[in-house]
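Please examine the structure shown here with attention to its aromatic rings.

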Amino acid sequence: MKKKYYIVLAFLFAAILLTSNNVYAQKGKLITIASVIVDEDGRPIEKAEVFSGSAYAKTDAAGKFTLSIEPGTNLVIEAKGFENKMLKPDEAKNLVSINLKKAKFRYENNDKVQMAFRKVYKGDVVSALSVVNTEEVINYDNANWASDVLTGRTLGLLGSNSIRGIGIGINVADITGSGLNSGNALFIVDGLPRDIESLRLSEIESITVLKDANAAVLYGSAAVNGVILITTKRGEAYKKKSDFTANYGISTPRALPNYLNSADYMTYFNKARENDGLPAQFSEEQIENFRNGNKYRYPDVDYYSDDYVNSYKSYFDLTGEFSGGNDVAKFYSNIGWYSAGSILDFGEAANARNNIFNVRGNVDLKINNWIKTSIDGSSIFANNKSQRGGFWSAAANNRPYEFTPLLPFDLINPKNELLLARKNDVDGMYLLGGNSSFVTNAIADAYAAGVYERIARKFSFNNRIDFDLAKLTEGLSFHTNISFDYFTRYDQTVANQYSVYEPIWHATEDSIVGLKQHGKDARPGTQSVGNTFFNRRFGFYGLFSYDRVFDQVHHVTGSLLGYGSNFKEQGDFQGVKHTHVGLQMAYVYDQKYMVDFSSAYVNSVKLPEGNKGGFSPTLGVAWVLSAEDFMASAKNVDYLKLRVTGGILNSDLPIGGFFYYDNRYSGSGSYAWYEGQRSRSGVRSNWISNPNLGFAKRNEVNVGVEGLFFQKMLGVEFNLFYDVYNDLITRPSTIYPSFYSDFIPYENFGAEEYRGAELGLSFNKTVGDWTFFVGANALYVTSEKTKVDEVYDNAYQYRQGRPADATFGLEAIGLFKDQTDIDNSPIQTFGSVKPGDIKYKDQNGDGIVDANDEIYLRRWQAPLSGGLQVKVSYRNLTLFVLGEGRAGSETFMEGNYYWVDGNKKYSEIVLGAWTPETQATATYPRLSSQSNNNNFRRSSYWLYNNDYFEIRKVQLTYQLPDAVAKSLLMKSLDLFVDGSNVYQFAKNRQIRDLRTGSEPYYRTFSVGLKANF
């Protein structure tokens, strides 16, 4: 594997040298062009960029530039706020000045945004969408992965994959093959569905979030919860680029759990037994020995100590990008290597490493004057190597006193036969320790059990063909796209067997007089492969497109689409198929009035004949008020647009399986016949057919406004949305008699509503050498279940009228003080209770506390969320800060760290446990050495406020002066330092920062450079 690393490194550095040498390789043949770039009024344009192959220049304050270019290459000139211009060398060298035409606002070259199957100028957009310009972002935020850039930065996005926090629960196998979720968006990469795991930010040209039904409907049934479009980069004619980024960083745990040591565990476990009316398990002498005695004889294993866990883990990331071309052929390629070490610092765990290699190549070819084609290919090679065994699970569950992990040689009789015959040791100083209960253990696994590797490969392929049919009708074109993705994963293991040794200690001295061997030693050296998994996806579409402007006023566009995709994974015999046809028609008058009709006729293989198709129509209109004459006097209004969209989107995603519309039968025991001498298996009905089963529906209205004010210094975007998800699929048992349970069909029954608003604000200001940018976004959404299949005895039990993300549970009203308190309270039916147990409220007053007393407790999804971006630049120095927060949700303290009973490991949480002496100040129920079902269930006792605001990213970037970069044969060179997940402000930060049972949450700091050639 190391050879692969060296090959990649050698390739990257060779590419740097070849690229930089190529810049000056043609010096003898170069044509020198010196000119001035001016606007239509003859005023010089500063910082205009001039490209010609690998040659590059930037105009000075007088608009002047000098550039030496190769013969046969054209000159490309770009300046913000102006239309691009391309000139042949013979034209350019004879011009004293080059004029650029000012572009209309919202119709500049970089103002085209990717929408469903087309690019649209921002000025013509009718739908509600958000755009992330990754080329701009990467200048001040060197995030590695696509998923890192979405959270907190994008208006209307909750986290990185939930649009507006709304959506119906869907079968994600329909999209990604990973089970149920609660309404995540559909990811589209280069036109067709894909997951974005291990997709680099550096590969991406733009990200567009399609938030309303009008924007998303052309993607059909799978787009019911919105769409996130990702477009990868492509080469540009006569703009040769070579970019390299390298950074090195460390990740430190945000928090580590704090468990009781052996002596304290024993002390508190004795209290637990006392609470249960049982005698103490550990004597005072034992406890004292474990507190102050020899740590090998009286072990006190802290799995989070520096014996096993380092204070940080390191990583590095290398990326190279190459692009260029001409009118006939263009290319873009991206090569990356991400490598992260382990935070564990012993045995094979210290050598653990996760490597991810990625390669992408996008090629565009001009076949003739009316046919173009694009071929894209990308591969990801991942290898995650680590020790065998489950260290983090053991760290969360193994009690500290249970065994001694390592036995030092100097405490063992040197003539001991087992010591002399050992096959394994640690550093020539220790034997692996254990006992009959820990014949294998996570620590010994790391030293002697071998190596585990998870290997994954992903291959993606795209082929697009574009036909310009202007000869038939001006503005008409036809496009095809076909894609194939294949993902495979398997585990590769070299498994060793090993012995552990249980010490026999001297009665009065801290020496080991004997050893008891458990297990055997064997190193077969064979490699085994298992736990294989694969998935594959095929997608295609064919699209007639029409785009034409009449009389420079009437802009007409249209699309007729045929679309299909097929996803299949290991163990899924049916696969998931989506097909639909789409129709889009839009009209823009004078860049002022806009109307868009987008629709899809979707097909489902999950529905019965006669109901397999569904029509999803949407309509959007927009009006640019600032273009009206009556707004001419509003000098501080630079741009103002109103938008209204609405529509219906049919989807079969909530249908979790196939043939729900048909009778389904299964086995049902057996019955005897022939006087009991023979038997036959029985058959029962699961549900009966429903030939009327149909699509679930999303019905939506969105009203929005966007504007720029005070010379574009202040930007505002505001949206109100109302979504109704109805005809949700369920088996409504409450409308049938109870004896009918085996025959209840699936029906379109349930309904939910979502209402909300989103607000985005931006502030831009330049003062001398200083530039300030502040961007803020906020999302508020509330939901309600409006139709639910339910019948309860009490009004407070009903889910209808509650939020869609509601959680129900018991209301805790304290801890029982004493037996009298228990005797005078309603009977709790979750097991016997004792003083110190949680006391619950009898909601219905029947004298019994049971499931009928569960009430609405919380929303698990925050209704209020938002993000904040701050960017301050002074000359070549830029500071960027990204923050993200949520408010209004609560979460339960759960898991073994908080719910401690029986023989579980004790965390610091038990220090506040109830005792008769501390009943007035106790912060935790009584301890019990038995299973305690009364205390450890969802109730208000375990709820905590989950509000937070997190500093997700801080980066300081310094761009070296152009003269310095040029002397290094570069266009530019940036140096940066950054921090990720730096700090969060939260009432319960310690709880939020903590994770047990797996690797901790990290905050990361890195340094790096980015070189452009």
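Predicted model: local features only at pLDDT ≥ 70, side-chain atom pairs only at ≥ 80, totals over all residues.

Residues are numbered from 1 along each chain as its sequence is written, and side-chain values use heavy atoms, with hydrogens and water left out.

Across the whole structure, a search finds 61 aromatic pairs. Rings of Phe, Tyr and Trp (its six-membered ring) pair if their centres lie within 6.5 Å; planes under 30 degrees apart count as stacked, over 60 as edge-to-face and the rest as tilted. Two of the pairs are tabulated below.

| Pair | Centre distance | Plane angle | Class |
|---|---|---|---|
| Phe244 and Phe1013 | 5.7 Å | 75 degrees | edge-to-face |
| Phe381 and Phe459 | 5.9 Å | 80 degrees | edge-to-face |

Phe244 belongs to strand β19 (residues 241–253) and Phe1013 to the segment after β54 (1002–1012), so this pair ties together parts 769 residues apart in sequence. Strands (E, at least two residues) are DSSP runs, numbered from the N terminus. Phe244 is buried at 6% relative accessibility, and Phe1013 is buried at 7%. Buried means under 20% relative accessible area, exposed over 50%, and partly exposed in between (1.4 Å probe, protein chains only). Phe381 is partly exposed at 30%, as is Phe459 at 34%.

One aromatic cluster includes Tyr259, Trp392 and Tyr898. Lys905 lies over the face of Tyr259, 4.3 Å from the ring centre. The charged end of Arg937 sits over the ring of Phe830, 4.0 Å from its centre. A charge sits over a ring if NZ of Lys or CZ of Arg is within 6 Å of the ring centre and within 35 degrees of the ring normal.

Notes:
Helix = DSSP H or I, 4+ residues; strand = E, 2+ residues; numbered from the N terminus.
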